[in-house]
Amino acid sequence: MRVRMSSTARTATAVALGMATAGFGMTVPAAAAPAPVSATPAHAGFTGPSAESDATEAFFQAVLKSAAEKRAANPTSTAAVTVVYDASRAPRFSAQISRSTQIWNSAVTNVRLQQGSGADFTYREGNDPRGSYASTDGHGRGYIFLDYAQNQQYDSTRVTAHETGHVLGLPDHYSGPCSELMSGGGPGTSCTNSQPNAAERARVNQLWANGFAAALDKALEKSGR
């Protein structure tokens, strides 16, 4: 997710950060301490819509690969794929993360979010001039960052559920209506909808059926099963 910057500012930030990011797309107050970022990114962020799409895909693929490798190592008859998260680094947002998890687990059938050890991604909190965003280094390590100021301006559960949507494979669509979760901050601060619409639910189910099957095949081949 990202704040609204000029093209020059976005490019400079991308070079400095070198991270794949997909943001809530809202203007937020600048903060003193930005979130830590990886030194070995897969993509550069904040260079326009195509880069944001790449960032979302990178995060989704990293989580998909992590979940597939776990399934290959420990086969299960459960139809839904379990994606594990760690929320210990975002204690102020524990209620919103829990609610977001409930929302997504009730909305889709092919993937299930679960808090636990050996996480496929993590949640973090703090101050960042970019606002809230989802980020990955492309090597199976990804996180959702929840910005304090932005979560005071916008409905915090919507922000959290929106960012979690990136983990599940959904891109930003800022021009969409409030009824569309991935429209993020586009509809403004009055929008409090935190539920994915029918199209978003169907897309996640499709991704975690077809995409996961392909990832699992690769994981099984790698493990020699």
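Okay, ground rules. Since the model is predicted, local features need pLDDT of at least 70 and side-chain atom pairs count only at pLDDT 80 or more, while totals for chains, interfaces and linings use all residues. Residues are numbered from 1 along each chain as its sequence is written, and side-chain values use heavy atoms, with hydrogens and water left out.

So, the overall picture. We've got six helices and six strands, where helices are DSSP runs of H or I with at least four residues and strands are runs of E with at least two, numbered from the N terminus. Starting at the N terminus, the order is α-β-α-β-α-β-β-β-β-α-α-α. The chain has 225 residues, and 52% of them count as buried, meaning under 20% relative accessible area, with over 50% being exposed and anything in between partly exposed (1.4 Å probe, protein chains only).

Now, R158. You'll find R158 in helix α5, residues 156-167. What is the nearest side chain of opposite charge to R158? That's D155, 6.8 Å away, and R158 is buried with no salt bridge (a side-chain nitrogen of Lys or Arg within 4 Å of a carboxyl oxygen of Asp or Glu; Lys and Arg count as positive, Asp and Glu as negative, and His and the chain ends are not counted). A polar atom of the R158 side chain does lie 3.3 Å from the backbone oxygen of C178.

Last stop, N127, in the loop between β4 (121-126) and β5 (133-136). N127 counts as partly exposed because its relative accessibility is 33%.

Terms used. Polar contact = N/O pair within 3.5 Å; in protein donor to acceptor, adjacent residues only side chain to side chain.
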